[in-house]
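Q: I am new to this structure, and I would like to learn how to read it feature by feature. Could we begin with how a residue is judged by its accessible area?

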Amino acid sequence: MFDVQGNYALVAGGSKGLGREISLALVKRGAHVTVIARSQDALDRIKVDMEAVRVHGDQVIGIQSLDLTNSEEVSRFVQTFGNKITALFCTAGGTDEEVGHFVDIPATSIQSCMEKNYLTAAFVAQAVMGTWTTELKRVGECDGAQKSRHIVFTASTAALVAVPGYAAYSPSKAAIRALADSLRQESLMYPPAGAIQVHCSFPGTFYTDSFYR
């Protein structure tokens, strides 16, 4: 619903599942795409697949193995782009290891679910939005209006509907919704209007390897 042709998109958690499909779709639409995730093998595979569907030779296709729960690593990597990024897609997460009734799962599952679903989105969003707001303050309203910037969060229907066995997962996805709502309001502080747009999706089940686990 917004133009990505010739623009830089960053896909956090883009090596597998939904993130992988978004990465390929962005490349097909002419975007410069960089995927960040932990698994180097999966990153190597998505890079080959992205290069196979690029629509013009000067498209920048990149991958980076990174721990999205490490705020310092994330911040340093985002800074290497300067102000080039115009779209961030937050797709990292899952819950294959933390499913179970609340009183039965270990406390570490509550922590790990929040880290890999919420922090993986919050840290990279903070880093990217920080570069945008700095640029908007520097260039002023007229120049800032030349392009819109988008953050797309991935929550879940589990953030809206109670599902027994997902007591660790649902709150982490509800936190994503709350973050998106908050940033949508905060973005109004940085003129011009609409320069930063915040989106949040609530998908249902994806039949991935993680789902079957």
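A: Buried means under 20% relative accessible area, exposed means over 50%, and partly exposed is in between, with a 1.4 Å probe and protein chains only. At 61% relative accessibility, Tyr 212 therefore counts as exposed. Before going further, note that this is a predicted model, in which local features need pLDDT of at least 70 and side-chain atom pairs count only at pLDDT 80 or more, while totals for chains, interfaces and linings use all residues. Residues are numbered from 1 along each chain as its sequence is written, and side-chain values use heavy atoms, with hydrogens and water left out.

Q: How is a pair of aromatic rings read, and how many aromatic pairs does the count come to?

A: A pair of aromatic rings is described by the distance of the centres and the angle of the planes. Rings of Phe, Tyr and Trp (its six-membered ring) pair if their centres lie within 6.5 Å, and planes under 30 degrees apart count as stacked, over 60 as edge-to-face and the rest as tilted. By this rule the structure has four aromatic pairs. In one of them, the ring centres of Phe 2 and Phe 89 are 6.3 Å apart and the planes stand at 25°, so this pair is stacked.

Q: Where in the chain do Phe 2 and Phe 89 lie?

A: Helices (H or I, at least four residues) and strands (E, at least two) are DSSP runs, numbered from the N terminus. Phe 2 belongs to the segment before strand S1 (8-12) and Phe 89 to strand S4 (residues 85-90), so that the pair links distant parts of the chain, 87 residues apart. Phe 2 is partly exposed at 22% relative accessibility, whereas Phe 89, with a relative accessible area of 9%, is buried.

Q: What is the arrangement of the rings of Tyr 207 and Tyr 212?

A: Their centres are 6.4 Å apart and their planes are at 35°, so the pair Tyr 207 and Tyr 212 is tilted. Tyr 207 is exposed, with a relative accessible area of 60%.

Q: How do helices H1 and H2 pack, and at what angle?

A: Axes are lines fitted to C-alpha atoms, for helices over the stretch in contact, and angles run from 0 to 180 degrees between N-to-C directions. Helix H1 (residues 17-28) packs with helix H2 (residues 40-53) at an angle of about 25°, and their axes are 8 Å apart. That makes H1 roughly parallel to H2, since angles under 35 degrees count as roughly parallel, over 145 as roughly antiparallel, 65 to 115 as roughly perpendicular and the rest as oblique.

Q: Which residues of H1 and H2 make the contact?

A: Contact means heavy atoms within 4.5 Å. From H1 the contact is made by Arg 20, Ser 23, Leu 24, Val 27 and Lys 28, and from H2 by Arg 45, Ile 46, Asp 49, Met 50 and Val 53.

Q: Which residues does Val 152 touch, not counting residues up to four places away in sequence?

A: Val 152 lies in strand S5 (residues 149-154) and is buried, with a relative accessible area of 16%. With those residues not counted, Val 152 touches Phe 2, Leu 88, Phe 89, Cys 90 and His 199. The C-alpha atoms of Val 152 and Ala 87 are separated by 7.7 Å, although these residues are 65 residues apart along the chain.

Q: Is Ser 156 buried or exposed?

A: Ser 156 lies in the loop between S5 and helix H5, and at 8% relative accessibility Ser 156 counts as buried. Leaving aside its neighbours within four places in sequence, Ser 156 is in contact with Tyr 169, Lys 173, Ser 201, Phe 202 and Pro 203.

Q: Which peptide bond is cis, with omega near 5°?

A: Most peptide bonds are trans. Here the bond from Pro 191 to Pro 192 is cis, with omega near 5°, and Pro 192 lies in the loop between helix H5 (169-186) and strand S6 (196-201).
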